[in-house]
Amino acid sequence: MKNNYLKPKNLLSTLKMAKINGEKVFAALIDPDKLPAHEVHLKKQAFASTGIDLLLVGGSLVNQPKIDDLVLALKENFEQPVYLFPGSPVQFCHRADGLLFLSLISGRNADLLIGRHVEIAPTLKASTMEIVPTGYMLVNDGRATSASYISNTLPIPATKWDIALATAQAGELLGLQCIYMDAGSGADEHIPLKTIEKVAQGIDIPLIVGGGIKTAAQREAIWKAGADMVVVGSALE
Ligand code: 1GP
């Protein structure tokens with residue numbers, strides 16, 4: 001990002017400004033199963049050279065004590081805001097700056113559209129962290145990822161940009177504040193650029209893209225296709 005104005009608790013306004021100004025945001029996804037809290041300090045130098053604006057924490061199978069320890073270690077070692085990207089309500093931690101409140105709109109699993117949200121809503125209402133209502137879409141026609149298996153949903157086929165676009169538009173019209181299109185962590189291929197372009201052009205809310213992004217050139221191409229924020233996990237590990 002050109003201007004480092006991403007401060008704790010203003011991710012959504014930063015993304016909206018980035019979309020208006022054509023600026024780009026870069027987030028690193030940290031999975032506590034892959035980077036334990038006691039190894040976080042070892043990543044300081046490596047992460048410093050990558051221009052990370054935001055740290056996301058989460059994973060499909062992670063339990064709460066690991067999240068707590070990791071968030072604490074990240075806040076001690078890095079100045080970037082730490083946001084939760086939870087696979088389930090147990091992945092909540094008061095120490096985080098915010099949370100992507102994900103509704104899995106690409107699937108038809110009622111628990112992940114609204115059910116688990118009901119369980120955690122009173123806790124979130126009592127918290128001071130930023131809650132970012134996010135339409136989460138799995139888009140992938142390769143091999144199953146942890147996200148598609150654990151969520152028990154079918155991803156949108158990667159080249160069916162018209163379905164991806166209609167789904168994102170439905171999310172926007174329902175009041176969700178951003179769309180996160182994810183090929184799934186460790187996906188063989190990132191989401192096709194045409195699908196990203198079509199979705200970015202057809203919605204007025206910020207677009208986050210992640211999953212299977214392995215090189216800086218791919219990240220650039222995805223930004224150019226219209227993503228406002230790119231998320232990389234596996235390649236940074
Ligand atoms: C997964 O978008 C993230 O939810 C990151 O994926 O681990 O493939 O970079 P990768």
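The model is predicted: local features need pLDDT of at least 70, side-chain atom pairs count only at pLDDT 80 or more, and totals for chains, interfaces and linings use all residues. Residues are numbered from 1 along each chain as its sequence is written, and side-chain values use heavy atoms, with hydrogens and water left out.

**Ligand site**

- Around the ligand are 13 residues, each with a heavy atom within 4 Å of it. Asp-182, Ser-185, Gly-186, Gly-233 and Ser-234 come nearest.
- This shell holds four nonpolar residues, eight polar and one charged. Asp, Glu, Lys and Arg count as charged; Ala, Val, Leu, Ile, Met, Phe, Trp, Tyr, Cys and Pro as nonpolar; the others, Gly among them, as polar.

- An N or O atom in the Ser-185 side chain is 2.6 Å from a ligand oxygen.
- Gly-233 places a backbone N or O atom 2.7 Å from an oxygen of the ligand.
- For Gly-211, a polar backbone atom is 3.0 Å from a ligand oxygen.
- The protein buries 96% of the 310 Å² that the ligand exposes when taken alone. Areas come from the Shrake-Rupley method with a 1.4 Å probe.

**Individual residues**

- Asn-77 is found in helix α3 (residues 64-77). Helices (H or I, at least four residues) and strands (E, at least two) are DSSP runs, numbered from the N terminus.
- Asn-77 is buried, at 19% relative accessible area. Buried means under 20%, exposed over 50%, and partly exposed in between (1.4 Å probe, protein chains only).
- Leu-54 belongs to strand β2 (residues 54-57). Leu-54 is buried because its relative accessible area is 0%.
- Leu-54 and Ala-183 are 129 residues apart along the chain, and their C-alpha atoms are separated by 20 Å.
- Asn-152 lies in the loop between α5 (146-151) and α6 (161-173). Asn-152 counts as exposed, at 66% relative accessibility.
- Phi of Asn-152 is near 55°, a positive value in a residue other than glycine.

How values were computed
Polar contact = N/O pair within 3.5 Å; in protein donor to acceptor, adjacent residues only side chain to side chain.
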